[in-house]
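Please look through the sequence and the structure shown here before reading on. The report then takes up a few parts of the protein in turn, beginning with a helix and its surroundings.

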Amino acid sequence: MKKPVARVAQLHELLHDHSHRYYVLDNPSISDAEYDDMFRELQSLEAQFPDLQTPDSPTQRVGAPPLDGFDSVQHAIPMLSLGNAFSQDELNEFDRRVRERLEREGDEVIYVAEPKLDGLAISLRYEHGVFVQGATRGDGRSGENVTENLRTIEMIPLKLRTASPPAVFEARGEVFMSHDAFKSLNASMQASGKPAFVNPRNAAAGSLRQLDSRKTAQRRLSINLYGLGEVIGMDLPPTQMDALHLLAAYGFPVNNDIQRCDGIEACFDFYQTMGQRRPELGYDIDGVVFKVDSISEQRELGFVSRAPRWAIAQKFPAEEAQTLIESVEFQVGRTGALTPVARLQPVFVGGVTVSNATLHNMDEIERKDIRVGDTVIVRRAGDVIPEVARVVKYKRKHGARKIKLPQHCPVCGNPVQIREGEVKARCTGGLRCAAQVREAIKHFASRRAMDIDGLGDKLVEQLADAELINSVADLYTLDVEAVKAMPRMGEISANNLIKAIDTSRRTTLARFLFGLGIRDIGESGAALLASHFGSLEAVMAADESALTSIDDIGPIAADSVQTFFANADNRAVVDALLAAGVEFPTTETMQVGTLLSGNTYVLTGTLTVFTRDQAKQKLQLLGAKVSGSVSGKTTAVFAGDSPGSKVTKAESLGVPVLDEAALLELIGPVE
């Protein structure tokens, strides 16, 4: 253990370096969790040895100095950072300090809870209602003048929506990039031979710091506003929530998930709820911010050198961690795709212990220069499969081995091929490959396909190991006695499974086509085929011209349909399924037409009369397209309970937002 003086000096150097990489270079070399650990260690040492705290300590400032490429802007009111909580106990301790200072130890404090966006903090200055200057937070006292870049963000009003604006009005918030915009940007970067961004936060920061604002305009940046800075010529709102309402009234985008919480227990409930909803938000958050609602109480509580006493950020469990690649294996999916998977030295990340991570494909391996034996940063977002984000190059040891694509399938030994224009390598064994057969059965039984309740992945593996099923058609030959013999399967469970299999015989053509697992044909494509051709026989007989006459079915998907049904093994499986009693009404007897042709809808939130799948299918059968994201071409958004960010996006684009009653009126009752 180093002496305190030496350790503090070392932590100063490390934190300054990593802060520079994160804020200035947009190229972090360690995870947020590792940075937080070092920062908290420095705080602890300075608390034990106050004489070691100096004005240049990382604990006494925020962020990093502005970049040389932009003019400097002095903040009239400092843009301070926030203290962090990493547990419920630390959140309770924050609440105790607040109540103690306000002399309200027996009363609950009202807080405002806000999702902590993972982006770049900015301020927007308006004079007499007109946007005149935008700046980054920088070191908290001075930031970078990025006015022209901010002007390109359509969500930012160039003029306040009020007839009597104050002389000066400064709004503060976060610029960020949605997941959709991030994927689109990285695709265009890679297509032009440029390196992709590491994450949406870095992409947003890099985009806002473009010296050419025309490039920023192409980056689809978003913004949410959450507070006020300098205000002259009007009285400040009495509460934080009132300030948010004022921002919204003036035309600023404010996060829909912000809510008032009565007491710290309600705050923690909100934190847990946002943690569960995090994967579906469409943008990155790394925690929740809690602020005392009363502005007068905020003034009474005041500030410490680095942060306000009236606010705290409770961080989610770290979603990035450092570990070692011990080996790489290639898994075979239901379409024959070979996916390289890294076997890792186990590491705790995102709330779970991770020992495997996807490497996606060989192009990704080569782009990131990943090798066996490398030290890597592993990323996990919600329930998404963990991935290797990047290699820690300076830790690479001599002898780290390059990863090679196998020439033959690791399961069945058939040759591996890469189709022209694709990046995925695939086994050519088809239904002769045991891995593909098992994955095909799992897909066939899934909820959105044949919906066989109780037939999970483990049971499929057990049945296949016992050689009771060798194709999807074999499911319909199972009996109770055979299923009951499986490990941890009693008579009741076996009876329920056989009943579910029997129920699945009566389905729809769209579900059946999707369940077959035809390459390049997803749920929407299957619904289009079913509604256009009306019968399985017509789909199987369709040529390329007939298939590509359908909107959204292109030459590649058409070739996949023809190839699938031209395969004798596949046709034998289909015939066996029909012989087993699987049936579906032709869509000619359903409500099919072009009533909604040319319209595009988005479904969001929880519906009560329909499931979203049911509503989607009915809209498609009426000729509409159903999209997962909102754009200027969207006809309308149908919103159920807890709709999330898609409603905000729709409102910002002027797209109508309708309720479930309007959806019911449009597509009729559920069948």
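## Helix H24 and what covers it

The elements that cover the buried residues of helix H24 include strands S21, S23 and S24 and helix H22. Those buried residues, in a helix that runs over residues 660-667, are Glu-660, Leu-663 and Ile-667. They cover an arc of only 55 degrees around the axis, and therefore they sit on the same side of H24. The other side of H24 carries Ala-661 and Glu-665, which are exposed.

After H23 comes Gly-654, which has a positive phi, near 75 degrees.

The structure is a predicted model, and its confidence should be kept in mind while reading it. The average pLDDT of the protein is 87, and 94% of the residues score at least 70. Among the elements of the protein, strand S15 (residues 371-372) has the highest mean pLDDT, 97, while helix H22 (residues 612-621) has the lowest, 77. Over residues 588-592 the pLDDT is below 50, and this stretch has 11 contacts in the model beyond near neighbours in sequence. Where pLDDT is low, the predicted coordinates should not be read in detail.

## Cavities inside the protein

Rolling a probe the size of a water molecule over the atoms shows where empty space is left. How many cavities of 30 Å³ or more are counted in this way? The count comes to 3, and the largest cavity has a volume of about 50 Å³.

The residues that line the largest cavity are Glu-114, Pro-115, Leu-117, Asn-224, Leu-225, Tyr-226, Asn-255 and Ile-258. Sorted by class, this lining has 5 nonpolar, 2 polar and 1 charged residues. Strand S3 (110-117) and strand S8 (222-232) each supply at least two residues of the lining of the largest cavity.

In the loop between S8 and helix H8 (240-249) is Leu-236, which is partly exposed, with a relative accessible area of 41%. Leaving out residues up to four places away in sequence, Leu-236 touches Leu-228, Val-231 and Arg-299. Leu-236 and Glu-41 are 195 residues apart in sequence, and from C-alpha to C-alpha they are 38 Å apart in space.

## Gln-88 in helix H3

Helix H3 (residues 88-101) is the place of Gln-88, and this residue is partly exposed, with a relative accessible area of 27%. When its neighbours within four places in sequence are left aside, Gln-88 is in contact with Glu-265, Phe-268 and Gln-314. Gln-88 and Asp-474 are 386 residues apart in sequence, and their C-alpha atoms are 51 Å apart in space.

## Two histidines with positive phi

His-128 is not a glycine, although its phi is positive, about 50 degrees. This residue is in the loop between strand S4 (120-127) and strand S5 (130-136). Is His-128 buried or exposed? With a relative accessible area of 60%, His-128 is exposed.

His-360 likewise is not a glycine and has a positive phi, of about 70 degrees. The loop in which His-360 lies is between strand S14 (352-358) and helix H11 (362-368). The relative accessible area of His-360 is 29%, and the residue is partly exposed.

Definitions and conventions: Residues numbered from 1 in each chain as written. Predicted model: local features only at pLDDT ≥ 70, side-chain atom pairs only at ≥ 80, totals over all residues. Heavy atoms only, no water. pLDDT = per-residue confidence, 0-100. Helix = DSSP H or I, 4+ residues; strand = E, 2+ residues; numbered from the N terminus. Contact = heavy atoms within 4.5 Å. 1 Å grid on protein atoms, 1.4 Å probe; cavity = no way out; pocket = protein on both sides within 12 Å on 5 of 7 lines; lining within 4 Å. Points joined across faces, edges and corners; volume = space filled by probe spheres on them. Nonpolar A, V, L, I, M, F, W, Y, C, P; charged D, E, K, R; others polar. Buried < 20%, exposed > 50% of the residue type's maximum accessible area, 1.4 Å probe, protein only. Arc of directions from axis to C-beta.
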